[in-house]
Structures are given as structure tokens and as C-alpha cells.
Amino acid sequence: MTVRTRFAPSPTGYLHIGGVRTALFCWLYARRTQGTFVLRIEDTDRERSTPESIEAILKGMAWMELTADEGPFYQTDRMNRYREVIDDLIERNLAYRCYCTREEIEAEREAQRARGEKPRYNRRCRNLTSSREGIEPVIRFKNPIEGSVVWDDAVKGRIVISNDELDDLIIARSDGSPTYNFCVVVDDLDMEITHVIRGDDHVNNTPRQINILRALGGESPVYAHVPMILGSDGQRLSKRHGAVSVLEYEAMGILPEAMRNYLVRLGWSHGDQEIFSDEEMIALFDIFDVNRAPSNFDLEKLLWLNQHYIKECESSRLQRLLEQQLVSMNIDANTGPSLQDVVEALRERARTIVEMAEKSLYFFNDFDDYDENAAKKHLRPVAREMLADVRNRLAALGDWQPEALHAEVVATAEDHEAKLGKLAQPIRVAVSGTAATPSIDVTLALVGRDKTLARLDRAIGYIDERVAQNP
């Protein structure tokens with residue numbers, strides 16, 4: 001048997017973390033088994049499906065590098081097929097036209113609630129032989145009345161649902177449009193899906209779908225209902241936890257390999273290993289090893305992983321990503337040092353590409369203000385004489401390279417009988433506006449001669465102004 005998995009999102013919103021993890025699990029299992037990964041867009045909900053959501057899904061999948069072997073297929077392109085199957089079910093007396101109005105159904109449900117019964121359709125039209133004038137009927141599937149639906153879920157284990165818990169599902173609306181639970185079954189059957197991997201919010205749909213599948217003469221695929229992702233506080237994942245479009249993580253500078261590594265660990269593990277290459281994930285992942293318990297989304301863990309991958313990332317790729325980010329911030333990368341040098345200076349210090357760009361801004365543009373705490377601590381009168389001395393030494397320096405710059409800073413500190421940090425920190429604040437930069441020699445080399453000297457002059461003036469204001 002050739003394994004065939006599918007990711008089948010509905011384009012009614014953005015592609016979120018839970019959906020991406022499902023796609024990743026489907027992709028990994030197909031890759032591990034040398035199977036086929038199918039992408040299907042379930043867009044039969046015409047009122048809620050939008051072109052923008054479809055585009056966001058496709059962009060999100062592309063960013064995550066989860067390339068489908070087949071598709072994307074669109075359900076709206078398969079309407080004739082659905083009508084054909086519905087007609088066949090009616091012909092074989094496995095589906096029927098229901099003329100009950102919404103008012104009649106709601107009245108019956110109210111009566112059932114009053115009797116303490118579970119509200120459901122009472123099958124009034126199941127054996128009806130005549131039509132009702134003026135009412136466009138829906139089509140209902142004749143669900144078996146006796147017996148149970150049993151399946152061995154790859155994640156949850158054996159699940160048994162009695163058929164008397166299920167009513168006769170609507171498979172086509174009064175306007176003729178097919179419904180989700182019906183289309184899914186036809187698609188999975190036609191596309192020969194062998195493993196249905198999806199969120200456990202679909203468990204209640206599964207017995208209905210299995211019964212329809214049996215009516216169509218198909219064999220049940222392996223079902224794997226993966227547990228939901230919760231916020232760090234154990235509550236349902238929401239925007240405040242990070243339940244946003246996966247493209248927002250791209251915008252904040254997360255690398256797709258970091259996101260893949262992070263998501264695979266939400267519900268699956270291999271010992272205590274935290275870092276997985278794609279090759280390792282493919283070799284080790286098995287849908288039957290996914291945990292039953294929900295997982296908690298932890299942004300700090302994702303950022304930790306992202307920093308690891310930034311450190312390991314190829315320099316040319318980081319340069320390209322950094323340049324894209326700088327452009328989005330209206331920064332001209334040609335006004336500063338080479339991006340290669342910036343990347344090498346900051347790859348150990350940045351958790352995201354956005355953070356790397358923010359930490360590099362002073363290399364390209366002058367800054368308006370000093371960090372208040374850094375200036376108060378380091379731009380003090382006691383540092384003025386050393387700053388003036390080192391400024392003059394640097395102005396006379398012919399070789400503006402890290403080694404030479406470091407030597408001048410060290411010599412200045414020694415002449416003033418001060419530890420290196422007593423001078424290096426004021427210099428950092430003077431040239432960057434903050435007290436956190438790469439090593440002082442690398443920082444000065446990247447800032448460049450003209451900007452360094454001008455900013456040292458500015459810092460000396462800032463100290464003089466403070467002294468004048470507080471004699």
C-alpha cells in the first residue's frame with residue numbers, strides 16, 4: 001500500500017499554528033513512508049471562503065516549505081462529482097429528500113429538550129414517498145439505525161460510537177450545494193487517501209464520515225486525531241498566546257526550519273532530543289507515536305530554537321533576509337558596512353531576523369536618543385576625559401581595522417589606569433545609543449571612522465551639557 005496523506009484546510013481565515021502542525025505531520029508521514037502528500041482546499045463554504053484566505057494558505061505552506069506532491073485541489077471544481085454521488089445515493093435509497101422546515105425542526109428539538117432527550121432530527125421524511133409543494137428539500141444521508149461505528153485511531157486508540165447517537169446528516173443544502181462532511185468523504189475516496197491526519201475537533205465527524213464511506217463502497221482510511229495546542233496557561237490557544245497567521249511568524253523573523261522543528265515537538269518526541277534536522281524528522285517521525293495529551297505553545301521555546309538556527313544559517317541567506325527586513329524598515333543598506341560583516345557580528349546575538357535588523361540600525365543611520373539608563377550609567381563626567389582621549393587617538397589612526405581599534409582602546413584605558421570596561425561601555429553608548437553591542441573593536445569597525453568620531457563628539461557634548469545643567 002502506498003501511503004497517501006492530505007492536508008485539507010478551509011479558506012475561511014488565516015493558516016494558524018494548529019493547522020500548520022497538522023500539515024507538517026501529514027507531510028512528514030508521507031515523506032517517511034515514501035508516500036504522497038496531497039493539498040486540498042475545502043472551499044464549499046461560499047459565504048466564508050475568500051480568495052485572500054486561499055492565498056494566505058498557499059503562501060504559508062510555501063514559507064513552511066511543505067511542498068505538496070499533488071494539488072492544490074479545490075472542492076468548488078468538483079461540484080459535478082458531488083451531485084453525481086448524491087444522485088446515486090438517492091437512487092440506491094441510501095439518501096432521501098427532506099422537506100421539513102427550520103421551524104418544524106426547531107420545534108421538535110425544543111420538545112426533545114423538554115423531554116430530556118438529545119435534540120436531533122426525528123427522521124420524519126426518511127421514508128416519505130411524496131413531495132411538499134413550495135419547499136426546496138435538503139438531501140439527508142440514511143445513517144444506519146442499529147450497530148456501532150468502530151475505528152482504531154492512530155493517536156487516541158479504539159473509539160466506539162453507537163449509531164443511535166447519530167442522526168441523518170444533511171449532505172446537500174436546499175440550494176443543491178453539498179456539505180462539508182459529505183464532500184470530505186467523496187474526496188478522500190476519489191483521491192485514495194490512506195491516512196487522515198487532522199485535529200481532534202474532528203472526532204465527532206468521523207463516525208458520520210465512515211458510514212457515508214461504507215455506503216459508497218469504500219474502505220476506511222487510518223484516522224489519526226491529533227490533540228489540540230493550548231496556550232502557555234493551559235487555556236485554548238488564542239491571539240494573545242500566538243494563535244495568529246503563520247505568515248506573521250515569517251514577518252517577525254522566524255526561520256521556517258525553526259518553526260518546523262518547534263511544531264514537530266508539540267505532541268511528538270524522540271527521547272530528550274530537541275533539535276531535529278528535516279532528515280532526522282522524516283526518518284524518526286511516526287504518527288502512531290503522537291501523544292494523546294494536548295501540547296502547550298511556548299513562544300520563548302520557539303525563539304530559543306530560532307536563535308539556534310540563525311547561528312547555523314548560511315551567511316548569504318542571512319544577508320538576504322536581513323536586507324529584506326531593512327528595506328521594510330526604510331533603511332538603505334548601502335549607507336553602512338557590508339551585510340556579511342553585520343550578519344557575522346550579530347548572528348550570535350539575535351533571536352529573530354527582525355531583532356537582528358533592530359540591533360544593526362545604528363550601523364546605517366544616526367539615532368535620535370540614547371537609552372536613558374545606559375546614558376545615565378555610562379555617559380558620566382568621569383568618562384569624559386577618556387572619551388576625548390580615545391577620540392583623538394582614533395582620529396589619528398590610519399588603519400581602521402578591529403585589531404588596531406582594539407589596541408587604541410586598550411592603550412587609552414591603561415593610560416588612565418582604568419579597566420577596559422570603564423571605557424568600552426561609554427564608547428558603546430556613544431556610538432550605538434545602547435550598552436549592548438558586539439565586541440568594541442568589531443562595533444567601531446562596523447560603525448566606521450566618520451560616524452564613530454562624530455558620535456564620540458556628540459557624547460562628549462552630552463556629558464558637558466549634563467555637567468552644565470547640574471554643576
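Is Arg40 buried or exposed? I looked this up first. Arg40 is buried, at a relative accessible area of 1%; buried means under 20%, exposed over 50% and partly exposed in between, with a 1.4 Å probe and protein chains only.

Notes on the source. The model is predicted: local features need pLDDT of at least 70, side-chain atom pairs count only at pLDDT 80 or more, and totals for chains, interfaces and linings use all residues. Residues are numbered from 1 along each chain as its sequence is written, and side-chain values use heavy atoms, with hydrogens and water left out.

Next I looked up salt bridges (a side-chain nitrogen of Lys or Arg within 4 Å of a carboxyl oxygen of Asp or Glu). The structure has 42 of them.

I looked for the partner of Arg40. Asp187 forms a salt bridge with Arg40, and their closest N and O atoms are 3.4 Å apart. Asp187 is in helix α5 (residues 180–190) and Arg40 in strand β2 (residues 36–41), so the pair ties together parts 147 residues apart in sequence. Helices (H or I, at least four residues) and strands (E, at least two) are DSSP runs, numbered from the N terminus. Asp187 is buried, at 0% relative accessibility.

I then checked a network of salt bridges; its members include Arg40, Asp187, Arg6 and Glu84.

Another entry: Lys156 and Asp200 meet in a salt bridge at 3.5 Å, N to O. Lys156 is in the loop between β6 (148–153) and β7 (157–162), and Asp200 in the loop between β9 (195–199) and α6 (206–215), 44 residues apart. Lys156 is partly exposed at 25%, and Asp200 is partly exposed at 24%.
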